[in-house]
Amino acid sequence: MIDDKKVLFSGMQATGNLTLGNYLGALKNWVNLADEYQCFYCVVDEHSITVRQDPATLRKRARNLLMLYIAAGIDPEKNCLYYQSHVSAHAELAWILNCYTYMGEMNRMTQFKDKSAKHADNINVGLFAYPVLMAADILLFQADVVPVGKDQMQHLEITRDIAERFNSIYGDVFTIPEPYFGKAGARIMSLQDPLHKMSKSDENPNGSIYLMDDKDTIMRKFKRAVTDSEACIRYSDEQPGIRNLLDIYCACNDVTPDEAVKTFEGKGYGELKMAVGETVADRLTGLQTEFHRLEKEKAFIDGIIKENAEKAGYFANKTLRKVQRKIGFPDRIR
């Protein structure tokens, strides 16, 4: 526990372009968590290289992601926003934890199976050991809570297993993290395939709204959104396309599904699509304006990168040194 607050850790990969799903499902809800938690939000660039990246593009996307955190309203004075690669303790602890993780556990990880199928020509050790680095990310900061969706619970469970195993050998070293189930982030689905999540890596660009899409692009994508032939606006699993549009509308306007359905009572799908598109465009305009302002503030962003790397490194190294001593590595001579 830091500053008498419980610790919360999360992060996003520095690959692809953030979507409306990333914003409504996570970023929007991270903004006010600093009132209750000591928050560490990582720009996850080490995980990103399990898939080949263009170096210049990766650097640019990492910086853009950090600026998007701030543009979304996450205060860099109240939260620690930093690059994973700037805190070497992530990789150092991951190696140690690899030695306390079993092959059978890694073989059961569904993400490795899914990504191996997509990148059959590059099934590397990093991809296989990805969950151990994720465990190191969380355990370094003695995180009490980690915001997770259903698709990430397996990673948190293996993190808990590794921490409990280590603690059973060496005593009370790691905090055992719990999933964070605060105000639920909206689960936003693809506009073209509403049975699957909106994704940065969607092969159909019309399925995702990207945070930097302009209004014309946003409206065009919503016009093309998949609905159905029922011609009735209900919040129902039987109408996944309509339900998804209503979820987006609700998340942007902080209203309930019942309130949204009443708003569109007697209206057609076209009106629903346009209303949701306008709502999203209005919401993203402010974020985009702030992002473009931050692009011009190079010294300000550089200062945040430097200061927060030092802050994250300080807390991470406290844990790393404790772990190194427990397992028998020689003390460092200062």
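The legends below go with several close-up views of this predicted model. Residues are numbered from 1 along each chain as its sequence is written, and side-chain values use heavy atoms, with hydrogens and water left out. Because this is a predicted model, local features need pLDDT of at least 70 and side-chain atom pairs count only at pLDDT 80 or more, while totals for chains, interfaces and linings use all residues.

**View 1. Strand E2 and its partners.** Let us start with strand E2, residues 37-44. Helices (H or I, at least four residues) and strands (E, at least two) are DSSP runs, numbered from the N terminus. Strand E1 (residues 6-13) runs parallel to E2, and 8 bridges join them; two strands pair if DSSP finds at least two bridges between them. Look for lysine 6, whose bridge partner in E2 is tyrosine 37. E2 also pairs in the parallel sense with strand E3 (residues 80-83), over 4 bridges. Here phenylalanine 40 has cysteine 80 of E3 as its bridge partner. From E2 the chain crosses through helix H2 (residues 55-71) to E3, in a right-handed β-α-β crossover. Right-handed means that, with the strands pointing away from the viewer, the path from the first strand over the helix to the second runs clockwise. E1, helix H1 (residues 20-30) and E2 make a right-handed β-α-β unit too.

View 2. Are the residues of E2 buried or exposed? 8 of its 8 residues are buried, where buried means under 20% relative accessible area, exposed over 50%, and partly exposed in between (1.4 Å probe, protein chains only). Tyr37, Cys39, Tyr41 and Val43 point one way, while Gln38, Phe40, Cys42 and Val44 point the other way.

**View 3. Two histidines in loops.** Histidine 47 sits in the loop between E2 and H2. Histidine 47 counts as buried because its relative accessibility is 2%. Its side chain and that of aspartate 137 are joined by a polar contact of 2.8 Å. A polar contact is a pair of N or O atoms within 3.5 Å; within protein, one must be able to donate a hydrogen and the other to accept it, and residues adjacent in sequence count only if both atoms are side-chain atoms. Now find histidine 86, in the loop between E3 and helix H3 (89-98). Histidine 86 has a relative accessible area of 43%, so it is partly exposed. Leaving aside neighbours within four places in sequence, histidine 86 is in contact (heavy atoms within 4.5 Å) with Ile305 and Ala309.

**View 4. Nonpolar cores.** In soluble globular proteins, nonpolar side chains tend to be buried together. A nonpolar core is a set of buried Ala, Val, Leu, Ile, Met, Phe, Trp, Tyr and Cys residues joined through side-chain atoms within 4.5 Å. The largest one has 61 residues, and Leu27, Tyr69, Ile248 and Val280 have the most contacts inside it. Apart from it lies another core, of 40 residues, with Cys80, Ala143, Leu156 and Val323 among them.

**View 5. Helix H7 from end to end.** How far apart are the end C-alpha atoms of H7? They are 26 Å apart, which agrees with the 26 Å that its 18 residues (153-170) should span at 1.5 Å a residue; the expected span is 1.5 Å times one less than the number of residues. Buried residues of H7 include His155, Ile158 and Phe166.
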